Amino acid sequence: MTAPAQPQATASAGGSPPSAGELTAMLRRMHEIRFFENTVQDWFSRAIVRGSTHLYQGQEAVSVGVTAALRPGDTTTCTYRGHGTVLAQGAPLDRAFGEILGKANGLCHGKGGSMHLTDFSVGALGSFAIVGAHLPITAGAAWAAQLQGTGAVSVSFFGDGAANIGTFHETLNLAGTWKLPAIFVIENNLYGEYSPIASTTANTRLADRAASYAMPGVRVDGNDVVAVLDAARRAVQRARDGHGPTLIEAMTYRQSGHSRSDPAKYRPAGELEQWLACDPIIVTEQHLRRLGASDTELAAVRDQARADVDAAAQRALSWPDPDPADRLTDVWTS
Amino acid sequence: MTPTPTLSGSFAPAASLVELNYRKVIARAIADEMATDPRVVFLGEDVGAAGGAFKTTEGLHERFGERVRDTPIAEQAIVGTAIGAALMGLRPVAEIMFADFAGVCFDQIVNTLAKYRYTTGGQATVPVTIRMANGAGAGFGPQHSQPAENWFLNIPGIKIVVPGTVEDLYGLLRSAIRDDDPVLVFEHKNLFALKGGVPAEPDDRYLVPIGVADIARPGNDITIVATQQMRHRALQAAGQLAGQGYAAEVIDPRTLVPFDYQTVITSLAKTSRLIVVQEGPPDGGWAANLIGRLVAGNFELFDAPPALITSDPTPVPYSSPMEDAWLPGTDRIVAEALRLLAY
């Protein structure tokens, strides 16, 4: 496979662009996710944590941009590469770390782990470890909102790999038929596990699929948080207005391998470097510079995020493990 | 919980009853729950405008409007949508037309529904009821006739009910919809014509608790445990045994998860002889599991080896002579009982 074309924003401009304050908040959240993932990567590489993990470095602008368009009461579902999405929605850093460490005070009390970060208190309905399994969950949350008239929107984040599993078709068809207030966000990072998209997918322009489900399909530069936010705001408005779902294909790049055990040696030479040059954090900083931010101010945002993440990691590391007897709870409601 | 078994015929709250068959009582039970709880919603293939492929849900769409929703032929979406709606506070009832089709949405049931609460450390409550037409004997062939309840037996997190009478279907389906945990309700399609009595008006006294067995016929000489269609064959066998002077006790567990072991143990303590009859292949099922657990935990209660009567380890055949032979018959139950009684 040849090196991919540089991602291009194809969503037309519209709406008011984010203010410097809003952009700074998004930059800070992206830094937090980046440092969080770097810490998790370090823990796994040093076998401080067992099992596997799937990292989000490089894709931060997708979750941060989309969740910035949401309001309280809206919900998300995401994949096992979901740390970034759950954090973007506002889950606490320390309890997210705690879950990955298997601590009693983790988000899921140590029952789920890296692939299942969930925080209902911020609308994060869950990270799913079965490819595509969460798409119909989002349809159900949207159906409830439609029936109850809450105006809430439900968003599902998933990879280009999940666009090839049956639940994608089943869910998008149902959502399009019922005009559900749902948004389907493909994080197209060009690889499904170890396989480049063109080797598994007949039409690699995944936004085209929206036409089959009578919904708009939008392809955006997933490394540009402003472009993502703009597309998400349009989709949210459409959903709240009762016009139904939208499919957003956010072009981005998985800077790490598929999982802990994957060094990603199958990537063509130069591809990673090409994408690192348009790292979503760099792109966001460029936006802020154009709005007048100084290098010192941008460094302060980064340093504060790093300090917060480090402190959260230390807290989580200090927490106690669960009592083995806790394994018996939460199977049933009573 | 210490379940108290019911005794068929002994339960008679003062209410005027109407006669309904096993097919018609389904819509009645769903309607009674939808009428009393606005959170109850219902979705599935052809369940609304068409009234259900088996005409089990006629009238619900007309009465409850958009709370009853026809879906595409998409079992994964049906179950997943029910789960998502449940997370937001609704109490969805999802229909999977034939229990065999649970294979299509096995992942949603096993990996998502059953584990959602556990995986999230108790954050999720998922009161989803999944109804499925179950079982053999109606000539539907290998992919529309399977008794599928055993597929889910060792997946912690889902309750399983297998009603064998009109009264139990009415009462257990309503209890399932009210339950805060996921419940699979297997409706045996070869019992659709069976008649029974339900209250003329919605009446909570006719709810049947999940996890409580029914002593379908009391007796002191031998215990026969059976569900759904096999319950009725066990009762026929008990009638024939009575003609030979033996009093068989027939127990219908009604719920497979959680299983009411105590009612069977109490009976076995009295009879010392046990037959378990299961529609479906022998291995990996509730019947062999029941025998294994009782032998391991209550060996001293047996005066004879327990008997396991099941279908053959084959797919369900289509042609009537083969399908009839595949299903355990009354004659097999009588013969095994006489063998154990003479042991």
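This is a predicted model: local features need pLDDT of at least 70, side-chain atom pairs count only at pLDDT 80 or more; totals for chains, interfaces and linings use all residues.
User: Why is Val208(B) called buried?

Analyst: A residue counts as buried if 20 or more other C-beta atoms lie within 10 Å of its own. Val208(B) has 23 such neighbours inside 10 Å, and is therefore classed as buried.

User: Where does Val208(B) sit in chain B?

Analyst: Val208(B) belongs to the loop between strand S9 (195–199) and strand S10 (214–217) of chain B.

User: Which residues does Val208(B) touch, leaving out those up to four places away in sequence?

Analyst: Contact requires C-beta atoms within 7 Å of each other. On that basis Val208(B) touches Asp168(B), Gly171(B), Leu172(B), Ser175(B) and Arg254(B). As for Leu173(B), 35 residues separate it from Val208(B) in sequence, while the C-alpha to C-alpha distance is 8.4 Å.

User: What makes chain B a chain with domain 1 and domain 2?

Analyst: The division comes from an automatic or database domain assignment. That assignment gives domain 1 as 19–206 and domain 2 as 214–341. The C-alpha centres of these two domains of chain B are 26 Å apart. Their contact involves 24 residues of domain 1 and 25 residues of domain 2.

User: Which elements give two or more residues to the side of domain 1 of chain B that touches domain 2 of chain B?

Analyst: They are strand S7 (159–161) and helix H6 (166–178) of chain B. S7(B) provides the largest share of that side, three residues. By class, the side of domain 1 that touches domain 2 in chain B has 11 nonpolar, 10 polar and three charged residues.

User: Why are strand S4 (68–70) and strand S13 (255–257) of chain B said to stand at the edges?

Analyst: The sheet in question is open, has seven strands in the order S4-S3-S5-S6-S8-S7-S13 (chain B), and shows mixed pairing. S4 and S13 of chain B each have a single partner strand, so one side of each is left without a neighbour in the sheet. On average, neighbouring strands of this sheet are turned by 20 degrees against each other, direction ignored.

User: How do you know that strand S3 and strand S5 of chain B pair?

Analyst: Pairing requires at least two bridges between the strands. S3 (residues 40–44) and S5 (residues 91–98) of chain B have five bridges, in the parallel sense. Within S5(B), Glu95(B) is the bridge partner of Gly44(B).

User: Which strands does H6(B) lie across?

Analyst: H6(B) lies across S3, S5, strand S6 (129–134), S7 and strand S8 (183–188) of chain B, and runs at about 160 degrees to S8(B).

Methods. Residues are numbered from 1 along each chain as its sequence is written. Chains are lettered from A and ligands numbered from 1 in the order in which they are written. Helices (H or I, at least four residues) and strands (E, at least two) are DSSP runs, numbered from the N terminus. A residue is buried if 20 or more other C-beta atoms lie within 10 Å of its own, exposed if 12 or fewer, and partly exposed in between; C-beta atoms are placed from the backbone. Two residues are in contact if their C-beta atoms, placed from the backbone, lie within 7 Å. Ala, Val, Leu, Ile, Met, Phe, Trp, Tyr, Cys and Pro count as nonpolar, Asp, Glu, Lys and Arg as charged, and the others, Gly among them, as polar. Axes are lines fitted to C-alpha atoms, for helices over the stretch in contact, and angles run from 0 to 180 degrees between N-to-C directions.
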